[in-house]
Amino acid sequence: MKEDNCLHAALICLGMLYYSHAITTEKLNHTRPSLHGHHEKGKEGQVLHRSKRGWVWNQFFVIEEYTGPDPVLVGRLHSDIDSGDGNIKYILSGEGAGIIFVIDDKSGNIHATKTLDREERAQYTLTAQAVDRNTNRPLEPPSEFIVKVQDINDNPPEFLHENYHANVPERSNVGTSVIQVTASDADDPTYGNSAKLVYSILEGQPYFSVEAQTGIIRTALPNMDREAKEEYHVVIQAKDMGGHMGGLSGTTKVTITLTDVNDNPPKFPQSVYQMSVSEAAVPGEEVGRVKAKDPDIGENGVVAYSIIDGDGMDMFEITTDYETQEGVVKLKKVLDFETKKSYSLKVEAANVHIDPKFISNGPFKDTVTVKISVEDADEPPVFLKPSYIFEVQENAASGTVVGKVHAKDPDAANSAIRYSIDRHTDLERYFIINAEDGNIKTIKALDREEIAWHNISVFAVEVHKQHQEAKVPVAIKVVDVNDNAPKFAAAYEAFVCENARSNQQFITISADDKDDSANGPRFIFSLPPEIIHNPNFTLRDNRDNTASVLVRREGFSRQKQDLYLLPIVISDGGLPPMSSTNTLTIRVCGCDSNGSLLSCNAEAYILNAGLSTGALIAILACIVILLVIVVLFVTLKRQKKEPLIVFEEEDVRENIITYDDEGGGEEDTEAFDIATLQNPDGINGFIPRKDIKPEYQYMPRPGLRPAPNSVDVDDFINTRIQEADNDPTAPPYDSIQIYGYEGRGSVAGSLSSLESATTDSDLDYDYLQNWGPRFKKLADLYGSKDTFDDDS
């Protein structure tokens, strides 16, 4: 602390001496200003006025970080026109005026009231002015000056990073650059040595060194081995003041890691490896592992294994497990304990990546001996062949030997073997096997056309060890025998035109045989001997397993015969050959002049030649439509319509009024009341209509009175029609009114059907023609009897 105070005091003294020297120099260099200025004669007699500088000043300095009890005197402002009578007032403005810097307005002395830090601000620009104290009139123009903050060494060096990490390969040469560290100093580098830095190493010797001016760290020892020590911690110092005493310093830590190079070959930890494997092991099964140690890491420590010698090179192989860096010994072929009980291998482990710089450290490989012993295992039986193929003729007798399989026990005990057929592969039980010797025989006849191949499986089991079994596939081919005659390949039906020409071909046929090709084609086609000279058709063998049927004569008639049956004999090429007779159906058809088929029906021939098929179809369609219309009409007629008049019980039109006796005509007034016939609807009183709502109760019209019993029928009916037409409460206009008026006293006489059926009278009904149009139908029925008789 004392040393710092002494240093500050010395710096203040130096500053004051520097300031006094500046003031003296300024006074010597400037002439005190005159109130009227200085006159100079210019060109052409012009008088020029040159203002003289009235301030006595210089650039001011103040030392940073001053901590004295009194404000620091920065400097003094003084004007030449100041006579010392106190009439001049000095004013200070600008950066920090009144806050950091204050001025005595009488003397012009400037003081710094606060401690300054150059690293925060290096200089301040201020403006000074002298004015009349009484009037505030400027006596001098404003003038700027600068106050510079004088630097002191108050900032230690700082590194860019607190910790550095660097890598350098192991075995690097001395002086190999590792990393450069850089520090900075906030002090003024242009003033003194406050910012002049020097680097040095505090920790990490003797392995590393640092350049004093640049901060570059380099290796200092040769052949540093990563396998011996991988990581180093180095401390670097940066000191200002050029490294001299009294300078400030800062430190940083550097972690340096040695990276690996392939400078170590792989080594097996032992010279011999012992392994064992069962003879029951399957190829690909792991036998054991070996590992060569390599202290290098990454790709420098990758090791590949190989078998380079030994009697087991053909039986075993080795692969590399790159995750564990081990050599995996695997079985390559099936072993047999009874044949060979041990094997020896020579295994080599070698680096995959070799660095040429360290090739002298090699060779980068090592070898080891691997001895493998084979262990005995209880093995299942082994068939002499991996599969068997036998042949047997179809239709062979039951008990025919198909073939023989054989298996043995590979163990030294050589146990007896029992054979059996896997019935899942012979569900129909076609075969049987002898359990002792393995002979396979048929149980029933075989048919090649049903099953051409039988694929069965045979088991072989040790007698004393039932769990030890083996299985072998057996394929049995059924050899073909010519036991199927050839037949037509399809259901042929031929057509021949009536106008066919002689020797014209009209169909080609082929055959099919279920037997094998050896007993099938070539097929021979022929006609039976009894019709070899058939007058209608002939056959030609095309010698390519087809035959053509030809017309022998011209002119066929559907009216005489429209169907022919032609037998054809087909023989195969088997030994002995088989044949069959097949019938070809031939129809006689009508054709046009080009031979195009028109019709094959005999009935169509008798139709008009000008009536085409389309016309026939149109006629049939019309007939069908007419039948449909008739059926619909009958159906509609049978439908019951809803009655329009509501009766208490039922519609009067559906009633049958039965009279038990027949009246005696109009003179007979005893049978029944004629008024009922005159108005049969009035029996039950008023009957409303269903289709309209009556607006008033029906009342008989005045002037309409009941007709007498002897009324004329025609007038009676007209009267009733007129009433019905004009009566809103009457039934609808299209209702049918039925009147059963009949009597013996009528002019027409009795029209009873009962009497008519039993009477054979020859009445003359011509008078019915005079009854008017309403009786026209009746007149036509009875009045034209003579006419019908004459016609007949």
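Ile619 lies in helix 2, which covers residues 613–638; helices (H or I, at least four residues) and strands (E, at least two) are DSSP runs, numbered from the N terminus. The model is predicted: local features need pLDDT of at least 70 and side-chain atom pairs count only at pLDDT 80 or more, whereas totals for chains, interfaces and linings use all residues. Residues are numbered from 1 along each chain as its sequence is written, and side-chain values use heavy atoms, with hydrogens and water left out.

With a relative accessible area of 43%, Ile619 is partly exposed, that is, between buried (under 20%) and exposed (over 50%), for a 1.4 Å probe and protein chains only.

The protein chain contains seven helices and 45 strands. Of its contacts (heavy atoms within 4.5 Å) between residues at least 6 apart in sequence, 66% join residues at least 24 apart.

| Property of the protein chain | Value |
|---|---|
| Buried residues | 33% of 792 residues |
| Mean pLDDT (predictor's confidence in each residue, from 0 to 100) | 77 |
| Residues with pLDDT of 70 or more | 75% |

Over residues 1–56 the pLDDT is below 50, and this stretch has 58 contacts in the model beyond near neighbours in sequence. Residues 754–760 also stay under 50, with four contacts beyond four places in sequence.
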